[in-house]
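My entries follow in the order I made them.

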Amino acid sequence: MESPVMSYAQRLLITAGVSLAILVPFFVAGFLTTVGATKRTPKPLPLFVALFVLELLLTWSFKLVLFIPSWGGWNWQGKILEIAWPLLLVALVPTISAESIGLKLPAEFRRWRELLIVCLLYAAIFIPFMLYMMHGQLHFGTTLPTYVFQLTLPGLGEELVYRGVLLMLLNRIFGRPWRFAGIQFGWGFVIIRPCLACCMA
């Protein structure tokens with residue numbers, strides 16, 4: 001009988017290997033088309049790979065040892081760790097700031113009010129609608145863990161890890177030479193989509 005440790009390690013290695021193999025053509029295209037003054041060093045690439053694997057390792061940690069109960073059958077442990085490690089990275093690594101991974105709070109009161117309105121609309125309309133589309137019905141008495149989970153952890157984890165730390169590293173590798181509607185972006189914006197899809201699969 002296969003041990004939980006071996007099963008966990010095999011799944012981790014296979015998923016990480018397949019996911020990174022899928023990303024290789026995107027990296028090659030990025031390096032081949034990013035030329036001149038916009039070209040960046042590939043030095044952050046090993047760190048990107050290491051943190052990508054760390055993300056998988058922590059998200060699936062419940063399969064190895066469960067220390068945060070899976071209320072409603074959801075992966076609370078993996079998602080809490082997914083939020084925790086980027087924050088720990090910001091706290092411990094001087095070259096990575098909170099702002100560089102997208103953690104910038106509004107400076108004006110008006111912006112805080114707008115943020116609060118968006119959060120309330122998200123909680124009151126978007127999450128119930130999403131749950132209805134997923135399950136065809138929404139009963140708060142039976143789906144409270146689902147509602148609370150979807151309201152909080154998955155979106156925060158995605159923002160901090162994929163559109164935060166990993167996108168920051170990709171931008172350091174390829175730069176942000178393109179501009180559209182006042183937004184600067186580069187190959188990192190392109191690569192992060194399949195990167196996120198690989199981990200959600």
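I started with A181, which lies in the loop between β1 (178-180) and β2 (183-185). I take strands as DSSP runs of E with at least two residues and helices as runs of H or I with at least four, numbered from the N terminus. Phi of A181 is near 55°, a positive value in a residue other than glycine. Most residues other than glycine have a negative phi. A181 counts as exposed because its relative accessibility is 69%; exposed is over 50%, buried under 20% and partly exposed in between, with a 1.4 Å probe and protein chains only.

I noted the conditions here: the model is predicted, local features need pLDDT of at least 70, side-chain atom pairs count only at pLDDT 80 or more, and totals for chains, interfaces and linings use all residues. Residues are numbered from 1 along each chain as its sequence is written, and side-chain values use heavy atoms, with hydrogens and water left out.

Next I looked up α1. Its 30 residues reach 44 Å from first C-alpha to last, close to the 44 Å expected at 1.5 Å a residue; the expected span is 1.5 Å times one less than the number of residues. I found a kink of about 30° at V24, shortly before the proline P25. The bend is the angle between axes fitted to the seven residues ending at a residue and the seven starting there. The buried residues of α1 include Y8, L12, F27 and G30.

For α2, the 15 residues should span 21 Å, and the end C-alpha atoms are 21 Å apart, which agrees. Among its buried residues are F48, F52, E55 and L56.

How do the axes of α1 and α2 cross? The axes of α1 (residues 4-33) and α2 (residues 45-59) come within 10 Å and cross at roughly 145°; axes are lines fitted to C-alpha atoms over the stretch in contact, with angles from 0 to 180 degrees between N-to-C directions. Residues of α1 including Y8, L12, L23 and F31 meet residues of α2 including L45, F48, F52 and L58, where contact means heavy atoms within 4.5 Å.

I ended with α3 (residues 76-92), where V90 is found. Its 17 residues should span 24 Å, and the end C-alpha atoms are 24 Å apart, which agrees. W76, E82 and W85 are among the buried residues of α3. V90 touches I96, S97, A98 and I101, not counting residues up to four places away in sequence. V90 and S100 are 10 residues apart in sequence and 9.2 Å apart in space, C-alpha to C-alpha.
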